[in-house]
Amino acid sequence: MVSPPQSSERPKYILYRDPRTSQVPAMRLLNTSTLEIEMFAGQAPGYAILSHTWDAEEVTFDDMKSLGGRRAFLSAMSRAEKPRRSYEKILHSADFARTRGFDYIWIDTCCIDKSSSAELSETINSMFQWYKGSEICYAYLADVSCYDYPTDFGGSGFSRSRWFTRGWTLQELIAPKEVIFVDKHWKPLGTRISLKQDIQRITKVAYSVLDGGSLDTITAAAKMSWASGRETTRSEDIAYCLLGLFDVNMPLLYGEGKEKAFIRLQEEFLKNSDDESIFAWCTSQEEAQEKPYWSLLASTPNHFEHCRDFRKPRFASRREGQPTMITNRGIRVEMSLAPFRGDASGTIFLAVLECLQQTGVWSGTAAIILQRLSDLEVQYARIAPEVLLEVGMGLFRPPLTSFSEAFRNQREAAESEPMSGIGETEPHYLFIRLAPKPSGLITGFYIEPKVNVRSTVMQISLSASGANPPPGWQLDPRYSLLVFDPEPPWSRWGETEALAYHMIDFEGQFTNEELEQFEVSNVKERKVLGCMGLRITPKFTNKTPTPNWTVYFVVGLEPLPENPFGTPSGYVKPWYSFARGDNAATIFQGFKQSVPPESKKYLRLTTKQTLSINFTKGTRFSRVFYQVNLLLSYSTEGQFGTYPSFSKARIEINSEGVTQ
C-alpha cells in the first residue's frame, strides 16, 4: 500500500481548507479523522470531494455505517472482506484531504444511501451543486502512474485514462472551484488549470470553462458535444449525469431507457431556455436510414459530436416571441423557415436556427431540414438528420449525398452551382411530434351554395393546395348558386334548396377496405371522386331572360410531387378541374380513364369574369372536410392592365352558358 503524502512537507498543488462553511443541500460527509459518516443539513463545513471511476465492488454507505469508525475500517481492510483497493481508495482519500487541512470529504460510494430511491434521486439532482460547493476536488486516476510518464501527459496514460471516458466525471471536472489530478499512487499530477491544454484536447471542454468561467455563455450543443462518446454503467445515467450542466432538475426513472431519459432532459431544458442549438444535432448516414421522419430532439449526446464550436448569436433575428411549449403530443416552437429551392412538393423547408457554427475565421448560421406532414395543422418533422447545414450570406452547400437519385440527376442536368441560395426566412409557430407521423385522412368534401367575389387589377394565383382564400375575397349575395346533376358519391344535406349543401363523406359512404385507397401511402396517382354541375345566376341584371352560367367540375385527391430528399409525403392534396360535357356521369367516367382530359383550373365566364376554385378546411358533424370555395374574379382597367388570359388551362363560356 502506498501511503499518501504526509503533512511534514507542503506538497505541490495544494488548496488548503477555507474555514468558512458552504451552503449546500443536505448531505453526508466522511470525517477524515474518524472515518465516520456525519449528516449536515443546509450548512456544511468546508469539505473536499473525490472524483473517481467505480470498480466492480466498492465500500458502500451500509458498510461504513456498520463499521462505525477508523479502527473497525482498518480491521475490515486487513480481513479483505472486499477488494483491498476499495478500502484503500477511501482511506487514502480521507488522509489526503486531512493532511491538507480538511476535516471532511465527500465520496459518492460511501456517502449516499442507495437503498433509498428518494435519496438517490435527490442526490443526483444535487450533485452538481455539491461539487460546485466543495473547496477542492481530487480527481483520482487509478490507471495512471507518474513514474511511468513523468512529463509527457499528452501521449501518456493520462490522456488515455478511463476517467475521461465516463459520463459522471464531466460535471466533476467542470463544477468544482479547482481540481487536482492524482495518480494511482496519490501523487499530484497537476491542476485543472495547469493541465488545461491537455484536458481541453482530450475533453473538448472550452478553455473558459476550465479556467472556472460561467457555463451561461456556452451553447447547449457545445455542452452536449463534451458528453458525446462518454459512457455510464446504467444507460439512463448518460442523461442524469448532465442535469447540473443544463441546470435541470427532474425525477429519475431507472428502467425508462437511455433515449427516453435523454429526451426528458432536453424537454426540461427547453422549458426554461430558448437556446436553439439544442436542435443542431446530426446522425450518421447509416443511422439516418432507419426512419424517414425524426423529432426535433436527439436520442443521444453522440449526435452532438461535431458541435463544440457552436456559439450564441450576437444579433437578434426576426421572431414573433412565441413560447416553446412541451406537450404530451410533442413540441410547439417558433422557428425561422425558408422554402427549399427546387422542391416541387412545397413541403420542404430550411429551418434556420439561432446559433452560429465557427469554422476557422468563417462563421455561419446552423440550419436543419424540415418537412410539413399535414395540411390540416402546422405539423412538421425533421428529415435527413445526417445533414446540418451552414448558411452564410444567403448561401449554403447543398447536401448532395442526401438527395434522391432523381433530384441529383436533375441538378446535374441543369449544371447547378455548387452553392444554393436561400430566400428570406419567415417566423412560423410549428408543431413537431416526438414520434412524427403523417396526418390523418380528412373526412371528405362539401360545397355550399355561395359565390366569393373579388375585383382585381393584378394577376392572382389560385390553387387547390389547401391554402386559405386570398385576402379580399368576400361572399357576394348578388349571385345565386344552384347545384344540379351531382354524380354520387356527392349527396345533398339540408332542409331547403336555399340552405342545402352537398357533401362527399368518406366515413359514411365508403367501407374500411375502400378507405385504404385514400391513405397517403396508397395514393400514387390522381383519384377522381365526384362530379357535379353548377348554375350561377347574377341577381343584379336587368337582362331578359336572366343570364346564367352552367359549369361542371370534378374533384378528387392527388399525391404531392416527390421532394428532393425522397421521403414519403405526409398528406395528399385535393384536386379539381372544370369540364365540358352533357352530364356529370359521362364527365366523371371520362376523368377515370387511363388518359384523362387535361385539367382546367380557370373558367372564363365573360371577358372580365373568371371562375376558379380553392379548398379550405371546414367542419361538419365535428369532423374536418375540404370546403369547396367558388371564386369569381372581375378584372378592371388600372395601372397594372386587365386581368390576364389563361390560355392553356381555361374554358370560356358566354353569358348564355354556351361553351366557346
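I count two residues as in contact when heavy atoms lie within 4.5 Å. I keep in mind that this is a predicted model.

**Entry 1: Leu-297**

I started with Leu-297 and its contacts. Leaving out residues up to four places away in sequence, I found that Leu-297 touches Ile-263, Gln-266, Glu-267, Leu-270, Phe-279, Trp-281, Ile-331 and Leu-434. I then checked where Leu-297 sits. It is in the loop between helix H12 (285-288) and strand S10 (310-311). Is Leu-297 buried or exposed? Its relative accessibility is 6%. Buried means under 20%, so Leu-297 counts as buried. I also looked up the spacing to Trp-281, one of the contacts.

**Entry 2: Strand S2**

Next I turned to strand S2, residues 27-31. How many of its residues are buried? I noted 5 of 5, which leaves the strand mostly covered. I recalled that side chains in a regular strand alternate between the two faces of the sheet. In S2, Met-27, Leu-29 and Asn-31 point one way. Arg-28 and Leu-30 point the other way. Residues of both sets are buried.

**Entry 3: The partners of S2**

I looked for strands that pair with S2. Strand S3 (residues 37-40) pairs with S2 in the antiparallel sense, over 4 bridges. Which residue of S3 is the bridge partner of Arg-28? I found Met-39 there. S2 and S3 form a hairpin with 5 residues between the strands. In that hairpin, Leu-35 has a positive phi near 60°.

Strand S6 (residues 104-106) also pairs with S2 in the antiparallel sense, here over 2 bridges. In S6, Ile-105 stands opposite Leu-30.

**Entry 4: The largest pocket**

Last, I looked up the largest pocket. Its volume is about 750 Å³. I listed 37 lining residues, and the closest to the centre are Leu-215, Asp-216, Gly-244, Leu-245 and Asp-247. By class, I counted 16 nonpolar, 12 polar and 9 charged residues in the lining.

Which helices each supply at least two lining residues? I noted helix H5 (117-133), helix H6 (168-174), helix H9 (220-227) and helix H11 (258-270). H5 gives the most, with 7 residues.

How values were computed. Residues are numbered from 1 along each chain as its sequence is written. This is a predicted model: local features need pLDDT of at least 70, side-chain atom pairs count only at pLDDT 80 or more; totals for chains, interfaces and linings use all residues. Side-chain values use heavy atoms; hydrogens and water are left out. Buried means under 20% relative accessible area, exposed over 50%, partly exposed in between (1.4 Å probe, protein chains only). Two strands pair if DSSP finds at least two bridges between them. On a 1 Å grid over the protein atoms alone, a cavity is a set of points where a 1.4 Å probe fits but cannot get out, and a pocket is an open set with protein on both sides within 12 Å along at least five of seven lines; lining residues have an atom within 4 Å of a point. Grid points are joined across faces, edges and corners, and a volume is the space filled by probe spheres set on the points. Ala, Val, Leu, Ile, Met, Phe, Trp, Tyr, Cys and Pro count as nonpolar, Asp, Glu, Lys and Arg as charged, and the others, Gly among them, as polar.
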